[in-house]
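Here is a friendly note to read alongside the model. Please keep the 3D view open as you go through the points.

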Amino acid sequence: MSGPEGRFPIIITEFEDDMFKITFGCEGDKFRVLNKEPWYFQNHLIVLHSPDVQQNVCTTNLAYTPFWVQVYRLPFLSKSKALAKVLGNIIGEFLDVHEDSLAEGWGPFLRIRVKLQVTKPLPQGQMIAYQGLRAEITG
């Protein structure tokens, strides 16, 4: 199956049961698709994986995907990239922080991109004690 006609076409082929291979005509398009994860189709999560050259693709490679999470109730003037990294690694595996969310005037939360295991239920409303994190952040 070919994707939408454009300057750089994509090709989607069935790889195995419930697995598909997407070939991009442009590395920039591939980067943008991976950078915009997670993706959903008909209310189902689409897990994308870009394997290394000598790596076989199997379902264990597809157990993790990035999510944007919001961390609320942070102490005033505490937002930092170091705090985002520590919190992200508590929640899952830290990948990135939305730079605008580091500004106190942007909103009452910190927006962090983390890699989460999709074979487990998504955690909701997880409370994290801030006092024990101070040494890790400043240390």
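The points below cover the ground rules, the salt bridges and a sheet.

1. This is a predicted model, in which local features need pLDDT of at least 70 and side-chain atom pairs count only at pLDDT 80 or more, while totals for chains, interfaces and linings use all residues. Residues are numbered from 1 along each chain as its sequence is written, and side-chain values use heavy atoms, with hydrogens and water left out.

2. How many salt bridges does a search of the whole structure find? There are 2. A salt bridge here is a side-chain nitrogen of Lys or Arg within 4 Å of a carboxyl oxygen of Asp or Glu.

3. Aspartate 29 and arginine 32 form a salt bridge, at 2.5 Å from N to O. Both residues sit in helix α1 (residues 27-35), 3 residues apart, about one turn of the helix. Helices (H or I, at least four residues) and strands (E, at least two) are DSSP runs, numbered from the N terminus.

4. Lysine 81 and glutamate 99 also form a salt bridge, with their closest N and O atoms 3.1 Å apart. Lysine 81 belongs to helix α2 (residues 81-91) and glutamate 99 to the loop between β6 (93-97) and β7 (109-117), so the pair ties together parts that are 18 residues apart in sequence.

5. Now look at the open sheet of 3 strands, ordered β5-β7-β6 with antiparallel pairing. Two strands pair if DSSP finds at least two bridges between them. β5 (64-72) and β6 are at the edges with a single partner strand each, so one side of each has no neighbour in the sheet.
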